[in-house]
Amino acid sequence: MLRPDFIRDNKETILEGLKKRNINNPEILDLVISLDSKRKELQNESDQAQAFINSASKEIGALFKQGKREEAEGKRAAVGEKKTRIAELKTEAEEVRQKLEEALLNIPNVPHPSVPAGNTDEDNEVYQDWGKDFPKLHDGAQPHWELAKKYDIIDLELGVKLTGAGFPVYKGKGARLQRALISYFLDKANDAGYTEYIPPHMVNEASARGTGQLPDKEGQMYYVTEDDLYLIPTAEVPVTNIYRDVILDEKDFPVKMTGYTPCFRREAGSYGAHVRGLNRVHQFDKVEIVRIEHPEKSYAALDDMLAHVGGLLDELGLPYRILRLCGGDLGFTSALTFDFEVFSTAQERWLEVSSVSNFETFQSNRLKLRYRDANNKKHLAHTLNGSALALPRIVASIMENFQTPEGIVVPEALRPYCGFDIID
RNA sequence: GGUGAGGUGGGUGAGUGGCUGAAACCACCGGUUUGCUAAAUCGGCGUACUCUGAAAGGGGUACCGCGGGUUCGAAUCCCGCCCUCACCGCCA
């Protein structure tokens with residue numbers, strides 16, 4: 001969420017930025033500015049009326065003690081009038097506040113200058129290409145959902161029996177590979193200086209609002225009505241909210257956190273060939289990295305995160321490319337996002353395995369996550385996060401790219417974690 | 001699930017209608033003093049919104065779990081909700 005003051009001071013820049021997202025309704029910015037002015041006006045009048053009541057009340061107390069009843073009664077009447085007026089102002093202010101909130105919720109983050117204009121994923125910029133040959137597969141190579149059956153390591157039908165579509169069951173070496181990847185990713189994050197957390201897998205409404213899942217995206221999350229809790233769609237939600245309502249010192253930067261959690265997504269309305277097998281599921285495992293940074297350092301941090309994620313894929317030996325998302329494809333809350341896609345040779349398509357973003361102050365404004373500078377002034381911090389990495393598509397591409405007639409060869413880096421080097 | 005106790009500033013904890021944005025202590029920051037450290041001593045030390053000012057700063061309002069009510073006036077009285085802790089029951 002952008003701040004009204006920021007909108008007031010940077011209207012033209014914001015409009016330019018929003019054009020890249022194909023949003024061209026300048027009137028919403030003016031609406032915010034005028035509602036915010038109205039809000040201030042109402043608050044001023046209300047505060048002044050309250051100030052009158054406060055001082056009058058003290059006088060009334062004194063007058064009663066002195067036995068000046070009549071004078072006191074007169075003041076009491078005056079206080080009564082002000083109270084009526086305050087009630088009116090409060091009602092009006094609440095209406096204005098709601099309208100303002102609604103308008104602000106409809107304004108996405110301002111894209112970073114480097115974000116290319118564009119409408120769809122077709123317009124994303126290839127930031128770093130694979131540039132080498134893709135693996136050559138043997139005759140009879142299969143997509144991962146076939147391999148899953150062949151080697152009996154992932155059972156999608158069993159998931160349907162237990163829960164429903166999109167809840168895979170990992171079995172035997174499939175389960176062990178899953179566990180190995182989680183440990184491997186966490187170890188790498190720890191080595192890179194990220195503090196590991198195991199957060200709750202459900203969050204309350206305040207947390208869901210803090211990172212921007214609510215309002216608006218409630219359809220994406222599983223909701224436990226009985227207890228008013230949401231199953232997390234990503235570790236980003238609980239981990240970032242650790243710093244909700246926190247004021248940091250400059251010396252606390254950088255804050256680097258990592259966490260593994262299962263992620264739950266309803267993915268309502270997405271079915272079809274592209275979501276086969278592990279390509280899109282309702283529950284999956286992911287290791288997330290989250291950073292809280294000084295505004296001047298956040299883009300260097302983003303680069304560092306790209307290098308970290310790229311390093312994981314290099315070590316696994318998976319062919320990948322990095323995309324800089326265009327304005328139309330950029331998430332609502334993000335200023336700049338890079339997607340990592342791994343090439344799945346048997347499917348002959350790129351699969352998104354990581355999304356690394358700088359939210360600048362868009363989340364921290366919601367979270368009330370600030371820091372104090374050397375002059376003791378408070379400013380919003382920058383938040384960033386990235387998948388490092390999301391498992392299912394990594395598993396799919398390992399299966400597909402490293403299949404041989406003898407079995408699926410486990411990448412070198414994972415072998416110490418798996419305890420086996422081939423799935424056959 | 002049952003019963004009981006309680007939610008006050010970074011922490012402990014006073015405070016039962018006006019003099020309390022809130023004592024005291026601890027922690028923290030700054031000064032003084034002291035071979036160093038420690039101690040002592042003095043001062044400072046919340047957040048949000050807002051007005052004013054070039055700035056430093058100054059003014060107003062709100063906030064003692066959350067929401068509502070009573071009252072000229074509420075941390076203090078009333079109602080609802082949430083949460084925490086303890087014990088019992090159940091249980092990984």
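User: Where does Phe340 sit?
Analyst: Phe340 is in strand E12. Strands here are DSSP runs of E with at least two residues, helices are runs of H or I with at least four, and both are numbered from the N terminus.

User: Buried or exposed, that Phe340?
Analyst: Phe340 is buried, at 0% relative accessible area. Buried means under 20%, exposed means over 50%, and partly exposed is in between, with a 1.4 Å probe and protein chains only.

User: How far apart are the C-alpha atoms of Phe340 and Glu352?
Analyst: They are separated by 5.8 Å, and the two residues are 12 apart along the chain.

User: Before I go on, what kind of model is this, and how is it numbered?
Analyst: This is a predicted model, where local features need pLDDT of at least 70 and side-chain atom pairs count only at pLDDT 80 or more, while totals for chains, interfaces and linings use all residues. Residues are numbered from 1 along each chain as its sequence is written, chains are lettered from A and ligands numbered from 1 in the order in which they are written, and side-chain values use heavy atoms, with hydrogens and water left out.

User: OK, the overall view: how many helices and strands are in chain A?
Analyst: Chain A has 13 helices and 19 strands. Its C-alpha atoms fill a box of roughly 100 × 45 × 45 Å along the principal axes. Of the 424 residues in chain A, 49% are buried.

User: Back to Glu352. Which surface patch is it part of?
Analyst: A negative one, formed by Asp121, Glu122, Asp123, Asp329 and Glu352. Patch members have over 30% relative accessible area and no salt bridge; like charges are joined within 9 Å, and nonpolar side chains (Val, Leu, Ile, Met, Phe, Trp, Tyr) within 5 Å. Asp and Glu count as negative, Lys and Arg as positive, and His and the chain ends are not counted. Each charge is placed at NZ of Lys, CZ of Arg, CG of Asp or CD of Glu. The areas come from the Shrake-Rupley method with a 1.4 Å probe, and for residues only the protein chains shown count as cover.

User: And where is Asp329?
Analyst: Asp329 is in the loop between strand E11 (320-324) and strand E12 (336-344). Asp329 is partly exposed, with 31% relative accessible area.

User: How many salt bridges are there?
Analyst: The count is 23. A salt bridge is a side-chain nitrogen of Lys or Arg within 4 Å of a carboxyl oxygen of Asp or Glu.

User: Which residue does Arg8 pair with?
Analyst: Arg8 makes a salt bridge with Asp36, at 3.1 Å from N to O. Arg8 is in helix H1 (residues 4-9) and Asp36 in helix H3 (residues 27-65), so the pair ties together parts that are 28 residues apart in sequence. Arg8 is partly exposed at 32%, whereas Asp36 is buried at 1%.

User: What about Asp304 and Arg291, what links them?
Analyst: A salt bridge at 2.7 Å, N to O, links their side chains. Asp304 lies in helix H10 and Arg291 in strand E10 (residues 283-293), so parts that are 13 residues apart in sequence are tied together. Asp304 is partly exposed at 36%, while Arg291 is buried at 6%.

User: Last one: what is phi of Asn22?
Analyst: Phi of Asn22 is near 60°, a positive value in a residue other than glycine. Asn22 is in the loop between helix H2 (11-20) and H3, and is partly exposed at 43%.
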